[in-house]
Structure formats: structure tokens, C-alpha cells
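Me: I am new to this structure and would like a close look at a single part. Please take the pocket.

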Amino acid sequence: MRYIGALQSRRLMSTPESKIAGISRRMISAKAEQFTESVIREMTRLAMKHDAVNLSQGFPDFAAPAEIKEAARQAISDDINQYAITWGAKPLRDAIVEKFERTQSVRYDPEREITICCGSTEAMMAAMMAIINPGDETVVFEPFYENYGPDAILSGASPRFVRMKPPSSENPDWSFDRDELAAAFGPNTKAIILNTPNNPTGKVFTQAELEFIRDLCVRWNAYCITDEIYEHILYDGTEHISMARIDGMRERTIVINGMSKTYSVTGWRVGWALAPSGPTQAIRKVHDFLTVGAAAPLQQAGASALRSPEAYYGNLSITYAKKRARLLKILEDTGFIVYRPRGAYYIMTDISRFHFPAEDPRFASTSQDVAFAKYLVQEIGVACVPGSSFYHNPQDGASQVRFTFCKKEETLAAAEQRFGKLRI
Ligand SMILES: Cc1ncc(COP(=O)(O)O)c(C=O)c1O
């Protein structure tokens, strides 16, 4: 598989798995050998080690909504403490289906077309394992959320990557070449992996783009697996359109979503997959034997969270728009070239103006972005994610790093203060 070497060479600061405790290669699965631990989550550990301001991993450092926490406490008191039905507690399935119909005008059957999982991470993996056969290809836009690499390896898919180009004077948004995308599809294409609003770029796919992708899915009889976890985090008047809403796509779309980002509860691990009953039957089987089910009381609390008033979702975007403006300004003033996101809560930046790598051997790396990220976390005291972790060929992300702004004002202010030491 073309992908393997690239993922291995993406290794950052962690110990190569084959060397852990002197275990010989024969004792580790070939699949597990092909990828490293998450770079994003590793950056959080490094931030803690160096007491750095953590703008790497996308989890809010502020409190979750009081009503949602109260609903979780209530569920435990009410003794909702045993296994839920493996494909999800009925109140949560009903709430998800109602909300999706309200926001996207597409109706799913809560009995046959939904699977609640341990986060959208598990939902994505279960969906891939449920549909992929040896020889199947998946089309993946890059830069991509790093989980999609290991998801492909573990499920046995061969990814075909299609590059998105950063915003430029001709095009204010991240864009893809339609011919390149069409060329990535073929008789072996099983699915395209879409993520809108997108991590790490902040791109929100338009109706016209989704229709173009739809035509390719129909032509090659492929699924679209669409990760919509940032659906409510939108700026500049953008609208989130689910691929399931595009004419002709409901029957070939698997919608992945979860509570983590919308309700600021990334540690709850509640996510789901909406899909027609055929793939859902397969997803449910995989899910059952992977995890049995997500935490029952938190599913119960999820049912009330999903019935939050409309104002809740509007306020979420307003809150994040302020944080986006704040971090954009901090990064620009520091000397980063910034790509303004239209959704989600990350800012991709270009670090070319900083003229790395530094002379200091402590930050030596084959990749400029990794050297820069090490320098930033150790010397400046701010953690980011090296751009290479979003590309199959690490060199393609060598001049980029990603920051998140899902943080308290104090955290952003602390980053601003520390960036004072960073010079172009
Ligand atoms: C695009 C995307 N999908 C999925 C996830 C993980 O979601 P969950 O917490 O539901 O597993 C993240 C987390 O950063 C993400 O950025």
C-alpha cells in the first residue's frame, strides 16, 4: 500500500513501535506496524511535559454546559448504569433522528438506520470495517484529519489522496481540482471520506462541490462517508449541508457525528453513524464486538443535549467566531501566514517566514514543521500540531502547522504573551 512508508516516516518524537520493550517485529501485527500513535494527542502530552499552552488538540478547556452535566448526573442517579442496547439507547437514537430531520430535512429510521458508538472515532472505524474488502480504495481529501490514515490501514482500504489547495488571491477558500478528483475514482472505489466543516482547513463544502462528488459516487457506485462533527461551528454565513441531503445520496451516505464538539464533551465518547439499513446492519455487528456500547448514562444525557434550544447552536458559532478572530490576530501579529477557517475550530498556518530549521540540534528533524513544533513547545511554550501529520507525504505539510482556538480567553492570552518571544 502506497501509504505505509509515509505514515511511518511521519513518526515524530515517539518510540518506534517495533522497538517497544525489545519486541521483535514478528510479535506485532503488520497493520499496527504501519502507523504511529496520534501526533495530535502526542502534542498534548508534550504540552503537559513542558508546561506549554496547549493549542494543539481540539478539546475545549472551558466548562461543558451546566444543563448537560446535570442531565448526566441525573441519569446516574436514576440508575441508568447498565449496558444500553448495543446499537444505542432509544431516547438518544430518537433525539438524533429528530434533530437531523429538523436541520437537514432527511428522515432516518431510529430502529434500523442508526448506530451509537464510543465517539465518532469508533463510528468511523466501524463504518470502514463494515464496508471495506481487500482491494477496495477510498478517496481522501488532504490535508486530512489524521485518524483517516490508520482507519484505512486497519480496515484494509487503499487510500487515493486528492490535494486541496490553500486559499489564494484567485480563490479565497481551500479548493480541489475537479479533474484530479474524478481521476481518483475508479472501479475499485468503495467510498470517499469527506469531512465538512473540515479539520484542519476549516473548509465548508458547498452544494455545488457536494453535487460534483455525488455524481462521481453515483457513476462509480461508491459510498460517501461524511464526518460532520463540526456541523454547528460555522462562520461568515456559511451553511452546513450534509451529503445525505444531496439528491440521490441518502442511500449511499454514511453520516458520522458525535457529541464531542457541539456540546464540548470530548471525554464523554458518544458518537454515531446514520446509514441505510444495509450498511447499518454491518456497522452494528462490528460495533457490538468492538465496544458493545457507549456509556449508558451519557447516552441518556445526550438525548437531552440534542434537544437544546436553537439559540444554543447559534451561540456556539458566535462564541467561536470571537475566539477565531482573537487567535487569527495573535498569529498574524506573530508572523504566521494564516488561512482563515470558515468552519470548525482550527487555523492552518504557513511558517515559511520563520526560516526554520534552527541550528540547535535539539530541534533537528527531517521536517521543518516538526522542528518548528518542537521548538515552539519547548522554548516558546506553545503547542501546535505539525502540518505533516495531515498529509500522506510528510513533506507536503512541512511548511504548515495547525493551532486550535477552542480555548478560554486566558489560554489565548497566555499564548499571545508567549509568542512575544518568537521572532520572524
Ligand atoms: C474531523 C474529526 N472527526 C472526529 C473527531 C473525533 O471525534 P470523537 O470525539 O467523537 O471521537 C475529531 C476530533 O478532533 C475530528 O476533528
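How many residues line the largest pocket, and which of them lie nearest its centre?

Reply: This is a predicted model, in which local features need pLDDT of at least 70 and side-chain atom pairs count only at pLDDT 80 or more, while totals for chains, interfaces and linings use all residues. Residues are numbered from 1 along each chain as its sequence is written, and side-chain values use heavy atoms, with hydrogens and water left out.

The largest pocket has 24 lining residues, and Arg 41, Thr 121, Tyr 145, Lys 261 and Arg 269 lie nearest its centre. A pocket here is an open set of points on a 1 Å grid over the protein atoms alone, where a 1.4 Å probe fits, with protein on both sides within 12 Å along at least five of seven lines; lining residues have an atom within 4 Å of a point. The volume of the largest pocket is about 410 Å³, a volume being the space filled by probe spheres set on the points, which are joined across faces, edges and corners.

Two or more lining residues come from each of helix H3 (39-49), helix H6 (119-131) and helix H7 (148-155). Helices are DSSP runs (H or I, at least four residues), numbered from the N terminus. H6 gives the most to the lining, with 4 residues.

By type, the lining of the largest pocket divides into 8 nonpolar, 10 polar and 6 charged residues. Nonpolar covers Ala, Val, Leu, Ile, Met, Phe, Trp, Tyr, Cys and Pro; charged covers Asp, Glu, Lys and Arg; the others, Gly among them, count as polar.
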